Amino acid sequence: MDMREVIARLNELYHKSRRVALTPKELAERDELRKIYLGYIRNQVKVTLDSIEIVDEAGKLKDHHCNCNGHKH
């Protein structure tokens, strides 16, 4: 299931929940889809943050210290 399908299904379940109560199976599906979606968002934020380079005013890459477990910056 790609992310568009995950989001579409989450939206379907949300709109249904506004009309009627979701079944236990639908609640479990919604919870699993939320985990998938949040994992995707967390990964996108991590990729963005990992790609950031800090430069000084002269445009030189600054050496920075972080707790990144040896990831290449």
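This briefing looks at a nonpolar surface patch and at the salt bridges of the structure above. The model is predicted, so local features need pLDDT of at least 70 and side-chain atom pairs count only at pLDDT 80 or more, while totals for chains, interfaces and linings use all residues. Residues are numbered from 1 along each chain as its sequence is written, and side-chain values use heavy atoms, with hydrogens and water left out.

**The nonpolar patch**

- Ile7, Tyr37, Leu38, Tyr40, Ile41, Val45, Leu49, Ile52 and Ile54 make up a nonpolar patch on the surface, and together they have about 730 Å² of accessible area.
- To join a patch, a residue needs over 30% relative accessible area and no salt bridge; nonpolar side chains (Val, Leu, Ile, Met, Phe, Trp, Tyr) are linked within 5 Å, and like charges within 9 Å.
- The areas themselves come from the Shrake-Rupley method with a 1.4 Å probe, and for residues only the protein chains shown count as cover.
- Helix α2 (residues 24–50) gives the patch its largest share, six residues.
- Helices here are DSSP runs (H or I, at least four residues), as are strands (E, at least two), and they're numbered from the N terminus.
- Ile41 sits in helix α2, and its relative accessibility of 33% makes it partly exposed.

**Salt bridges within a helix**

- A salt bridge here means a side-chain nitrogen of Lys or Arg within 4 Å of a carboxyl oxygen of Asp or Glu, and that rule gives five of them.
- One of them links the side chains of Arg9 and Glu12, at 2.9 Å from N to O.
- Both Arg9 and Glu12 belong to helix α1 (residues 3–19), where they're three residues apart, or about one turn of the helix.
- Arg9 is partly exposed at 23% relative accessible area, and Glu12 is partly exposed at 46%.
- Lys46 and Asp50 also pair up, with 2.6 Å from N to O.
- About one helical turn separates Lys46 from Asp50, because they are four residues apart in helix α2.
- Lys46 is partly exposed at 39%, and so is Asp50 at 29%.

**A network and another pair**

- Arg30 forms a salt bridge with Asp31, and their closest N and O atoms are 3.3 Å apart.
- Arg30 is partly exposed at 21% relative accessibility, and Asp31 is partly exposed at 35%.

Key. Buried < 20%, exposed > 50% of the residue type's maximum accessible area, 1.4 Å probe, protein only.
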